[in-house]
Amino acid sequence: MNIRRLAAACLLALGPAAAFAAPVQADHVVADLVAENQGLQPGGVANRVALRLQPDKGWHVYWLNPGDSGIPTSLQWTLPAGVEAGPIEWPYPHAHSLGDLTNYGYGEETLHLVPMKLGDAWTPGQQVTLQAEAKWLVCKDVCIPGKAALSLTLPVQASPQPDPAWAAAFAKARAELPQPTPGWQARFAVANGSVTLGIDGMPAHADRVEFFPEPNDLVNHAAPQRIDADGSGSLRLSQGLSSYFVEAPAELRGVLVLHEGGEVRAYQLQAVPGAVAAVPEAAKPAVDPGKESTAPTTPPSMLLVLASALLGGLILNLMPCVFPVLSLKALSLMQSRGQSNGEARRQALAYTAGVIVSFLAVAGLLLALRAGGKAIGWGFQLQSPAFIGLLTYLLLALGLSLSGAVNFGTRWMGVGQGLTQKSGSAGAFFTGVLAVVVASPCTVPFMGSAVGYAMTQGGAVTLLVFAALGLGLALPFLLLGFFPRLAAWLPRPGAWMETFKQAMAFPLYLTVAWLLWVLARQAGANAVGLVMLGMVLVAFAIWLWSRRGAIATVLKLGALALAAWLLWLPAMEPGPATQASVGSAEVWSEEKVAELRAQGQTIFVDFTADWCLTCKVNERVALKTEAVQKAFRERGVAFLVADWTRNDPAITRVLEQHQRPGVPLYLVYVNGGEPKLLPQVLTPQIVIDSLDP
C-alpha cells in the first residue's frame, strides 16, 4: 500500500466523510476510482473524479487516439438518478515506439479526469455510490486487454474539502490537460502524401514540438514529424499520410505539446482547412534526439523494390494457377516457328502489353477502392462470389474450345494457324490479360514484399511496381520473341500438338472444379447451383457458336446474358465464415493473440484464403504433415488460422503492418514474444525450426 492509500485509509477511520474505494490489481495495471474532494457538491457543480491507471514499469495504456495499434481506455458508468458523468478529459499523451509501430498513451500513473454533476435533488448528508466498468489495453512487447468493475462512495457536502491523499495527483493531472490556444490561428492542408499544420501567433520557438491528432486514420504515426519555424510566431509541421487515409476532416483536432526549458505545455488545437505549404523532407524532425524515435526503419531502395517485383513476376510463371494459360502460349510459339522475326516480336510485345496493362488496371482499381475506404489487398477480386462465377464461365469456355467444341478460343488465344497479323497480336494480348486474371490467387517470394511496400506508397510508386511485376511475368515470352534462337529449346511442332492442345483443356477443367469448391466455401451450395446452371448456359451458347441465323444469335446472346444475370442474385452473396480446418487450428482474432501472448504461449498464425493456391500447397506439403503437427503438440503451440477468403479489414490491417499485399502470411510468436515472419513457400523443416527461440 502506497502513502496515498495509507492516508486515505486513515481518513476513513477518522470519520464517515472520507471517501475510500479499494484499488483493483489487474495484469500489469492497478486501477481504481478516486475523487479530488472528500465529498460531492450538489447543484450542477462539476466535481472531479478520476479513473486512476498505474501500469507496471515498461508497460503503457492508450490515449483517445491509440496510434498504430491499441485500444483507448473507456468507462461505462452506472449512476444513481440525478447524477451525470461527463466524458473523459484526456491528459496529453506520450509516444511509444516498438519496431515500425508508434502508439500514443501513458506509461506512468495517470488520472483520467471525469466531471461529475449532482442535481438539486441531492442534499448534504446523503451518500452517492458511483460505479463504472473500466476497460483498457496494457502493452509492452505483448498486449493484455483488461477491465475492472470499480465503485466509489462519497458523501454529499455543501462545501467539500480537497482530499489531501489525492491533491498532488489531481494538480498534476490538471496541469497535463491541454489548454485552449491563446488566440492562435491554425489551418491545415493535405497534399502530396502529407498533412501540414500551419499555426500563426505562437510565442517564441519551443525546444521540441509534438502534435497528436485525434483522427486515427489521418497520419502515418510512425513517420517523423517535420518542423519549420520562422522565429516570429509562425510554425509549420508536416507528417506523412496514413495508408488508411480517405478524406480530410472538416476540422482537424489534436493536441500540440511544446517543450521549452524543462517546461511542458499542451494545447487543444482546432485547425480549419486552408493553404499551407508542406515542410520539405530535408527539414529537421519535430522531435529532438532525446525522445523515443518514431521514425520507421529505413525503407528499401526503389531499385531493390522493382527488382523484387520483376523477380516475383518471373517466379509467378511457375505457379500452378498460371500454368494452364502459359502452356497455351507455349503452344502458340511452337506453332509459329516459321513466322517472320517481326511478327514474333509484335506478338511478344502484344502479350507483354496485355500482361502489364492488366496489372496496371488491377493496381488502379486497388488504389481507387482503398481511397474509398476499402481495406483490401492483392487477390481481393477472388473474395467476390460473382467474380469467381465469371472466372468459372471463362475457363470452362476456354477448356471447351481446346477440346474442339468451338474454334473462337483458338483465334483469341493465338494458338491457331493461318491467322492474320492483327488477329495474332490480339490473341497474344488477350492471352496476357488472361494470365493475369488466373494469377490473382497466387503470391510468390519477392512479389509479396514488393507489392506490400508499394501499397503503402503513393499512386505513382504503386503503378511502377505493378508494371515491373507484369514485366517479370511476361519476360520469358518477351525474350523468346526478340531472341528466336532461344525457341530452339522448345519441342518441334508436329501432329502431337493437337493432342497436347486437347490435353491442356483438363488443367482448365480442374481449375473450374477448384473454383466451384472455393465458391461453395464462400457462398454455399445455392451459389454453386446457380453457377453450375450458368455453366450449362455457357456450354449451350458455345454449342450454338458456329451456327448462323437470327434465332441462333438470339439464343446465344440470351444464354450468355442469363448466365451473367445469375451471378448477381442474392444467393451469390458471401455466407458466414468457415471454420479453421488445419489440424487443431482455432480461429484467429487480435484478442485471441493478445490473450495467448500474455500467457507466454508459442503461437503460429496462418493467414490464408480458400482461393489462394499457394496457401493450399503449403497446407498440404508443410502444415498438415505429421512432423509439423507432432511438433505443435509437443511444444504446446497454439495454431490460429486467419481466413481471408472473404474480405476482413482486421486481417487486411495485419497484412499491411507486415507490408504484405495478400496471403499467405505466416507469423510465429515464440513464447509470446515478437512475431517472426516466415517465407511464403513453406517446408516442414522451416515451420519446425521457426518454433525455436
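Me: What should I know about the model?

Reply: This is a predicted model: local features need pLDDT of at least 70 and side-chain atom pairs pLDDT 80 or more, while totals for chains, interfaces and linings use all residues. Residues are numbered from 1 along each chain as its sequence is written, and side-chain values use heavy atoms, without hydrogens and water.

Me: How do I read a ring pair?

Reply: Use the distance of the centres and the angle of the planes. Rings of Phe, Tyr and Trp (its six-membered ring) pair if their centres lie within 6.5 Å; planes under 30 degrees apart are stacked, over 60 edge-to-face, the rest tilted. Here the count is 12 aromatic pairs. Tyr104 and Phe212 have centres 5.1 Å apart and planes at 90°, so they are edge-to-face. Both Tyr104 and Phe212 are buried. For Phe632 and Phe639, 5.3 Å and 50° apply, so that pair is tilted.

Me: Which residues do ring pairs link into a cluster?

Reply: Phe604, Phe632, Phe639 and Tyr666.

Me: And how do α13 and α14 pack?

Reply: Compare axes, which are lines fitted to C-alpha atoms over the stretch in contact, with angles from 0 to 180 degrees between N-to-C directions. Helices are DSSP runs (H or I, at least four residues), numbered from the N terminus. Helix α13 (residues 525-543) and helix α14 (residues 550-566) pack at about 165°, axes 8 Å apart. They are therefore roughly antiparallel (over 145 degrees; under 35 is roughly parallel, 65 to 115 roughly perpendicular, the rest oblique).

Technical notes
Helices (H or I, at least four residues) and strands (E, at least two) are DSSP runs, numbered from the N terminus. Buried means under 20% relative accessible area, exposed over 50%, partly exposed in between (1.4 Å probe, protein chains only).
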